[in-house]
Each structure stands twice: as C-alpha cells, then as structure tokens.
Amino acid sequence: MTDFTNWSPFEFEPETSGAAVYEFRIVVGGTPLTLGRMLSSDPSGVLVIGCTGNMYRRWCQSQTARSKCYGSSTLNLLYYLEHYSPLPERHPTAVYEYRYAVAESPVQAKVWEERLLKRYFRTFGELPPLNSTLPKRYGNYEDPDFGTGTG
C-alpha cells in the first residue's frame, strides 16, 4: 500500500482529486482521542476508514455532512454526534483530522479500504465508530497484508 499523507486538519483541502483510501480521526489537545473498543482501546482515534474515486469530492461531501448532515453517509453520523450526544460537552476542544493514500484507481482504493477495515476489525473486534459495514465480510482474514492495528 502507498504511504498515507501526514494528518491534516479537517478544514484543509486535500491535494488530490484522484482515487484514495482515507481515515478521519478525533484529536483533543493535540493528541488523538483514545477510543474504547471491544477488544482493546484504539489510541489512534480513528472514526472512519473509507475509499473514494475522488478525494477532493469526498472532502467536500465530508464538510457538508458535518455541517448539514448531508453528503457522506459515514460523516453524517458526525453531525449527529456533535448535535445530539454529550461529545461537545465531554471534549469541547475536539478537532478532526484526516489523511489519505492516493491509489491508481478506485478499484485499488477499494482493496486498500477492505484491508484496513479487516485489520482494524481483527485488532479491535469491531469497526471504527462511524463505519457501518465491512466490505467482503466473509472473505479472507488470513491475508498477511491485513496484519493488526490501523497502520
């Protein structure tokens, strides 16, 4: 898999409009928020792992999802967390960051997404909080590329 970019603030535009796999995370006080998961805590604060055929368009959809609950099914859930949960009171200084790895094609990005989600699942016993489905959930979990951890 290609290397991920450095983490960028949610408000900063990506430098590509190409296919990519991406992660969004929550950060409090300059440190990723550790998230309690079924099998262990996730110190990376990853909220969602996804893929897209156009990273710039997905970033735009994510901005709209967060502000208007419209545009990206996974990040629409962030709107609900910010408006209807105790998240803002418990973590008033929380910010969001994202990173991505540019893929040669949407097909390649989808393969990378599957690997990252299965790696996360194997490590934590569940998906990141804003992911709702596991691609090819009945597929190969033995692939050494899946490893453990979120990379």
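## Overall make-up

How many helices and strands does the secondary structure of the chain come to? There are 4 helices and 7 strands; helices (H or I, at least four residues) and strands (E, at least two) are DSSP runs, numbered from the N terminus. Read from the N terminus, the order of the elements is β-β-β-β-β-β-α-α-α-β-α.

This is a predicted model, in which local features need pLDDT of at least 70 and side-chain atom pairs count only at pLDDT 80 or more, while totals for chains, interfaces and linings use all residues. Residues are numbered from 1 along each chain as its sequence is written, and side-chain values use heavy atoms, with hydrogens and water left out.

## Burial and contacts in the chain

The chain has 151 residues, and 47% of them count as buried. Buried means under 20% relative accessible area, exposed means over 50%, and partly exposed lies in between (1.4 Å probe, protein chains only).

Contact means heavy atoms within 4.5 Å. Among contacts between residues at least 6 apart in sequence, 67% join residues at least 24 apart.

## Helix α1

Helix α1 covers residues 55-68, which makes 14 residues. At 1.5 Å a residue it should span 20 Å, and its end C-alpha atoms are 20 Å apart, so the two values agree. The expected span is 1.5 Å times one less than the number of residues. Which residues of α1 are buried? They are M55, R58, W59, S62 and A65. Seen down the axis of α1, these buried residues fall within an arc of 120°, so they line one face of the helix. The arc is that of the directions from the helix axis to the C-beta atoms. An α-helix has 3.6 residues a turn, so residues three or four places apart point the same way. The buried residues of α1 pack against β2 (20-28), β6 (46-52), α2 (73-84) and β7 (95-102).

At the start of α1, a side-chain oxygen of N54 comes to within 3.1 Å of the backbone nitrogen of Y56. Just after the helix, C69 takes a positive phi of about 60°, although C69 is not a glycine. C69 lies in the loop between α1 and α2 and is buried, with a relative accessible area of 18%.

Strands β2 and β6 pair in the antiparallel sense over 6 bridges; two strands pair if DSSP finds at least two bridges between them. R25 stands opposite V46 in β6.

The side chain of R25 also forms a polar contact of 2.6 Å with that of E97. A polar contact is a pair of N or O atoms within 3.5 Å; within protein, one must be able to donate a hydrogen and the other to accept it, and residues adjacent in sequence count only if both atoms are side-chain atoms. E97 is in strand β7 and counts as buried at 16% relative accessibility. Leaving aside neighbours within four places in sequence, E97 is in contact with W7, S8, P9, F10, E23, F24, R25 and V27.

## Helix α4

E113 belongs to helix α4 (residues 106-124). Is E113 buried or exposed? E113 is buried, with a relative accessible area of 8%. The side chains of E113 and K110 are joined by a polar contact of 3.0 Å.
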